[in-house]
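Hi there,

Here is the structure I promised to pass on.

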Amino acid sequence: MSILVVVGAQWGDEGKGKIVHFLARKAEYVARYQGGNNAGHTVVVGKKRYALHLIPSGILMKQTKNIIGSGVVISPRAFREEVLGLEKRGISSRKRLFVSFGAHVILPYHILLDGLREESGRGIGTTKRGIGPCYEDKVARIGIRVCDYLEPETFKKLVVQNLKIRSAELARLRPLASIEKEVFADYDLLRRFIAPYAQDTSLLLSEAIERGENVLLESAQGAMLDLDFGTYPFVTSSSPIAGGAATGSGIAPASVEFVLGVTKAYTTRVGLGPFPSEMEVKRGDYLREKGHEYGTTTGRPRRIGGLDLVQLRHAIRVSGINALAVTKLDTLSGTGPIEVCRAYRWKGKTLTHFPWSRKAQGEAKPILIRLPGFNGNLASARLFSDLPKAAQDYILWIEKNLGIPIPIVSVGPDLKQTIVRDASLSSLADFVKP
Ligand code: GDP
Ligand code: IMO
Ligand code: MG
């Protein structure tokens with residue numbers, strides 16, 4: 001039995017979906033513990049490509065059960081669409097997907113408020129899915145949980161109360177009566193749809209742990225989008241770092257045995273905010289096209305940068321990451337010498353720890369180191385020794401400079417394009433053995 005947490009180690013889009021899909025082969029449960037349908041995880045299975053938003057990537061492995069934990073915010077409408085979309089493609093969620101009674105529901109007014117704030121001049125480039133406003137309600141203790149949503153009387157009372165509380169802002173957009181009408185328009189349909197999936201998922205997970213099953217907890221975003229330890233305020237409104245796995249799923253923190261971080265071989269970010277290792281436009285444009293770096297959820301072009309050791313060390317520390325999976329090594333092939341950020345320069349000082357100050361985060365310049373690039377098609381490599389020598393050296397260099405093992409290297413979106421360099425690392429071993 002093993003309990004493994006998989007976290008994004010950058011600003012999201014690290015390839016978590018692919019890595020979780022790979023590890024889910026050996027998992028009885030895969031649980032999402034934060035975020036919502038702001039996430040976009042693309043998983044490729046043979047010739048089929050799936051864009052998952054709310055549902056854990058474990059859904060694509062037939063034997064795996066999946067959980068949307070209490071730390072997640074769930075749009076009932078988006079949930080129904082995603083479940084039905086998968087069903088159309090032959091993937092059934094019945095009896096293998098469970099939604100926590102404690103997850104908070106995203107309603108149309110959260111989406112309106114998200115848009116309003118984005119357009120107010122103080123926007124941060126959100127996905128406009130209503131994520132922030134829904135978490136605001138949760139923290140303000142006026143949120144509506146799945147268990148409340150399932151009780152028509154409770155739900156109606158809370159909606160009327162919350163529309164009143166948010167009326168000053170909402171009335172700027174549309175008459176409140178029309179917003180209320182929209183909230184209730186498909187309520188019965190959505191409530192009936194979600195009801196069979198709703199469960200005490202903390203209990204399900206603890207029973208699975210007692211039975212000695214393999215449980216994988218997946219973050220929806222990356223460490224640098226964490227509400228506490230990311231580039232605040234340009235962050236999401238929840239905790240993707242490993243600590244969030246316990247609070248967002250209802251398992252004991254001490255039961256987590258291993259934290260696997262996922263990082264690309266370079267860096268991307270979508271949305272606004274500091275990005276110290278961001279590249280000059282021309283080289284960034286080239287990598288964006290080569291790596292198809294466009295958002296899975298919003299289609300926005302991703303900003304591109306070099307691998308950033310300062311940022312990664314921060315992510316490793318705040319999540320207690322035990323090992324890294326490095327993805328998209330193939331994308332770097334043929335792009336010339338590799339530039340890696342080893343420290344920042346700010347106000348004449350060298351920074352080796354990620355700074356708290358938003359000014360420092362915004363103004364810090366990367367101190368770069370150049371490593372030899374590599375050529376050739378890496379996509380067909382199945383063993384580490386199949387990779388060009390300079391590509392192997394790059395991975396070994398990262399390992400050495402971060403002081404952390406890299407047991408998994410990914411060279412393409414397909415499961416087969418996953419190189420397991422070390423299948424012996426404590427709890428990870430249960431998930432990577434052939
Ligand atoms: P996530 O949000 O962390 O799950 O990442 P995304 O799915 O948003 O973005 C990662 C993209 O890269 C997806 O389109 C994946 O199919 C793809 N991908 C994952 N690993 C690799 C890899 O090693 N090489 C290549 N070329 N693509 C990859
Ligand atoms: P995956 O699952 C990349 C970013 C948004 C924005 C900030 C806040 O694909 O890794 P939000 O809508 O959450 O309030 O937006 O967070 N963001 C992501 N960036 N990948 C994601 O998910 C993201 N989810 C949110 O772009 O900057
Ligand atoms: Mg993504």
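**Ligand 2**

The shell around ligand 2 is made up of seven nonpolar, ten polar and three charged residues (Ala, Val, Leu, Ile, Met, Phe, Trp, Tyr, Cys and Pro count as nonpolar, Asp, Glu, Lys and Arg as charged, and the others, Gly among them, as polar). Before going on, please note that this is a predicted model, in which local features need pLDDT of at least 70, side-chain atom pairs count only at pLDDT 80 or more, and totals for chains, interfaces and linings use all residues. Residues are numbered from 1 along each chain as its sequence is written, chains are lettered from A and ligands numbered from 1 in the order in which they are written, and side-chain values use heavy atoms, with hydrogens and water left out.

Of the 20 residues around ligand 2, Asp13, Lys16, Thr127, Ala220 and Thr236 come nearest (a residue is near a molecule if one of its heavy atoms lies within 4 Å of it). Oxygen atoms of ligand 2 lie 2.7 Å from a polar side-chain atom of Lys16 and 2.8 Å from a polar side-chain atom of Asn38. For Val270, a polar backbone atom is 3.1 Å from an oxygen atom of ligand 2. On its own, ligand 2 has 550 Å² of accessible area, and the protein covers 97% of that (Shrake-Rupley method, 1.4 Å probe).

**Ligand 1**

Lys16 turns up again here: with Gly40, Thr42, Asp330 and Ser410, Lys16 comes nearest among the 19 residues around ligand 1. Backbone N or O atoms of Glu14 and of Gly412 each lie 3.0 Å from an oxygen atom of ligand 1. The side chain of Thr296 has an N or O atom 3.1 Å from an oxygen atom of ligand 1. The protein covers 92% of the 590 Å² of accessible area that ligand 1 has on its own.

**Domains**

The domain assignment (automatic or from a database) gives domain 1 (3-99 + 198-255), domain 2 (104-194) and domain 3 (263-432). Where domain 2 meets domain 3, the contact (heavy atoms within 4.5 Å) takes six residues from domain 2 and five residues from domain 3. The centres of these two domains, taken over C-alpha atoms, are 37 Å apart.

Between them, domain 2 and domain 3 bury about 370 Å² (accessible area, 1.4 Å probe, lost on being put together and summed over both), with 48% of it on carbon and sulfur atoms. The side of domain 2 that touches domain 3 has one nonpolar, four polar and one charged residue.

Best wishes

Technical notes
Buried area is the accessible area (1.4 Å probe) that two parts lose on being put together, summed over both. A polar contact is a pair of N or O atoms within 3.5 Å; within protein, one must be able to donate a hydrogen and the other to accept it, and residues adjacent in sequence count only if both atoms are side-chain atoms.
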